[in-house]
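Have a look at the structure, try each task, and then read on.

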Amino acid sequence: MSHLKNNRTLLFSLIGGTIALVLVGVSLLGHVSEKKELEAQYADLTSDLTSIENTILEQQANLDDEKMSSVKEVTGLDPALIQTDSQEASSYFEQAFNWKSGSDYDEARTRYIESLGEGNAFTETYLPPDTKIDTDDGPLSYIDFKGIKASMSNIHVVPMTAEGDRIRYVAFVQYFMHEDDSDTVNPEALVGSEAIIEFTAAGDAATDGRRITEVTARAGFHSRQDP
């Protein structure tokens with residue numbers, strides 16, 4: 001009798017364990033199905049988001065093109081061309097307002113004289129000859145003697161007139177004179193100077209590139225530390 005009772009208990013245990021395993025399996029299958037459904041929803045949402053982002057970028061590009069077309073139609077100036085000329089002007093004038101020694105200064109002055117010709121207003125105004133001091137060891141640059149350096153901080157270019165792709169600009173160059181490179185860490189503490197220059201940009205930007213020509217000084221050199 002006891003043996004029968006033990007067998008019955010074992011049978012009930014086996015049946016109970018089997019039912020529990022079945023319930024766990026059903027639960028796991030439900031979780032797997034739910035996970036796959038969530039993954040599918042996530043993939044759909046990601047695809048929708050990418051599509052929306054691409055649409056926004058396309059609309060923004062179209063809006064930018066419309067703005068540029070409107071500006072060009074009203075003013076006759078191509079904003080993209082003005083941006084290109086601003087970059088060219090920054091590169092062209094950097095050497096004139098960014099030098100660290102007397103030899104750098106002389107090299108810059110020679111370069112602009114070769115480009116603009118002898119007696120041009122730009123070098124006469126902003127790059128006058130560096131004074132040489134006679135010493136026992138020979139001529140000494142006044143710039144080197146004083147330890148003067150120049151750093152260009154900004155250039156702002158404004159178009160004035162245009163004839164096709166030939167545009168006349170006025171450029172406002174901000175720069176400062178200093179004696180040590182560490183001074184540039186806090187440029188706000190330095191005395192700033194400004195150069196006002198007129199120039200013309202011309203040429204096909206897509207093929208030969210734009211060229212800076214007809215450079216002239218519009219205002220005099222002014223600084224608390226003239227070389």
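The model is predicted, so local features need pLDDT of at least 70 and side-chain atom pairs count only at pLDDT 80 or more, while totals for chains, interfaces and linings use all residues. Residues are numbered from 1 along each chain as its sequence is written, and side-chain values use heavy atoms, leaving out hydrogens and water.

**Exercise 1.** Find the helix that lies across E3, E4, E5 and E6, and describe the sheet these strands form.

Solution. 
- Helix H2 (residues 79-94) lies across E3, E4, E5 and E6, at about 145° to E3. Contact means heavy atoms within 4.5 Å; axes are lines fitted to C-alpha atoms, for helices over the stretch in contact, with angles from 0 to 180 degrees between N-to-C directions.
- The four strands make an open antiparallel sheet, ordered E3-E4-E5-E6. Pairing takes at least two DSSP bridges; helices (H or I, at least four residues) and strands (E, at least two) are DSSP runs, numbered from the N terminus.
- E3 (149-163) and E6 (211-217) each have a single partner strand, so one side of each lacks a neighbour in the sheet.

**Exercise 2.** Classify the ring pair of Tyr 112 and Phe 122.

Solution. 
- Rings of Phe, Tyr and Trp (its six-membered ring) pair with centres within 6.5 Å; planes under 30 degrees apart are stacked, over 60 edge-to-face, the rest tilted.
- At 5.2 Å between centres and 65° between planes, Tyr 112 and Phe 122 are edge-to-face.
- Tyr 112 belongs to helix H3 (residues 102-116) and Phe 122 to helix H4 (residues 121-126), so the pair ties together parts ten residues apart in sequence.
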